Each structure stands twice: as C-alpha cells, then as structure tokens.
Amino acid sequence: MSDNAYFQLSDGEEELCRMTGNAYTLSSNPLVRIVMFFVKILQFFLGSVTRVLVVTTSERVVVIQNQKMLWIFDQSVTSRTVFPRGVSQIGYSMKRSFIFFKTHYLLMASTGETEIFSAKSGEGVTAKGKVEDMIKSVKSLKEKTSGW
C-alpha cells in the first residue's frame, strides 16, 4: 500500500503520527468471536488479510483498511476519517500467543464501534512504542479540539 495513495492532507494540515498493522473488529458475542476466529484462519490461507494504516494529522484521524487478494492484489480499500470528537475511547492491549509471541494492539472506539489494530514495529521503534505514540497523538489532538 502506498503511504499516501488513499488520503490527502488539506492546506495547513500536517501528519503527526503513523502506524501500520492488521485490523480486527471486537464483538462481545461469543458465537461471533468463534466464527471470526475461523474466518481469520481462512483469510490467512487465502492471502486475504486486512492491513490497516492509521494516521493522525493536526485535524483528524485517518484509518485506511486495505484487503489483499493472494497477498498482492488489492481486493478492497476503505479510507475513512474520524474527527477528534468522534473518538470516544483510545487504548492499548497486549496478547501473548504460544508463550513467545506478543502482539501489541491499538484499541479505538468511535461511532459506537470498537476496532482493534495490531501494530508493527518500525525504524528503531517497538510495536508497543508505536501504539503508545499513536495514543499520545490522538489524545493531544482530542485535547486541542474538545478540552478532553
């Protein structure tokens, strides 16, 4: 995914923070969670994993979800803007699997929907550091616009 292919900055707007990873949706329904577990495994084997790019700018949070087909071709792209007042919760989560693997997640609730984004480590920054930077960025943006 090209970094700026699916969103543009407006005049005077500047990028504050960027995080890439995979996207998931949380549901409190146990049946939905079980079904989605198998869907996630099937998507992995078919090369249809959903990648996400979360960018905070001086005015908004942009979430770009890109689903690949056969790991290479774009199957679908969704780019949406979440304005700071629309973010009701922002947080961090860590999940360990098979004792050795830790995944760090950014939790974001907006418009009644809670989403979870796994973080990938970047240039000299750990995945946990990326999530913490994104939380600080969204929090400071929200404070500027609404006095949160």
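Start by selecting glutamate 143, which is partly exposed, with a relative accessible area of 37%. Keep in mind that you are looking at a predicted model.

The structure holds four salt bridges. For another one, select arginine 60 and glutamate 13, whose closest N and O atoms are 2.7 Å apart. Arginine 60 lies in the loop between strand S2 (50–57) and S3, and glutamate 13 in the segment before strand S1 (15–25), so this pair ties together parts that are 47 residues apart in sequence. Is arginine 60 buried or exposed? It is buried, with a relative accessible area of 13%. Glutamate 13 counts as buried as well, at 7%.

Next, select aspartate 74. It is partly exposed, at 38% relative accessible area. Which residue forms a salt bridge with aspartate 74? Lysine 68 does, with the closest N and O atoms 2.8 Å apart. Lysine 68 is buried, at 17%. Then show asparagine 66, in strand S3 (residues 61–69). Its side chain makes a polar contact of 3.2 Å with the side chain of aspartate 74. Asparagine 66 is buried, at 1% relative accessibility.

Select the nonpolar patch of about 1,200 Å², whose residues include Ile34, Phe37, Trp71 and Phe73. Helix H1 (residues 30–46) gives the most to this patch, with six residues. Zoom in on phenylalanine 37, found in helix H1. Phenylalanine 37 is partly exposed, at 45% relative accessibility.

Methods:
Residues are numbered from 1 along each chain as its sequence is written. This is a predicted model: local features need pLDDT of at least 70, side-chain atom pairs count only at pLDDT 80 or more; totals for chains, interfaces and linings use all residues. Side-chain values use heavy atoms; hydrogens and water are left out. Patches are made of residues with over 30% relative accessible area and no salt bridge: like charges are joined within 9 Å, nonpolar side chains (Val, Leu, Ile, Met, Phe, Trp, Tyr) within 5 Å. Accessible areas come from the Shrake-Rupley method with a 1.4 Å probe; for residues, only the protein chains shown count as cover. A salt bridge is a side-chain nitrogen of Lys or Arg within 4 Å of a carboxyl oxygen of Asp or Glu. Helices (H or I, at least four residues) and strands (E, at least two) are DSSP runs, numbered from the N terminus. Buried means under 20% relative accessible area, exposed over 50%, partly exposed in between (1.4 Å probe, protein chains only). A polar contact is a pair of N or O atoms within 3.5 Å; within protein, one must be able to donate a hydrogen and the other to accept it, and residues adjacent in sequence count only if both atoms are side-chain atoms.
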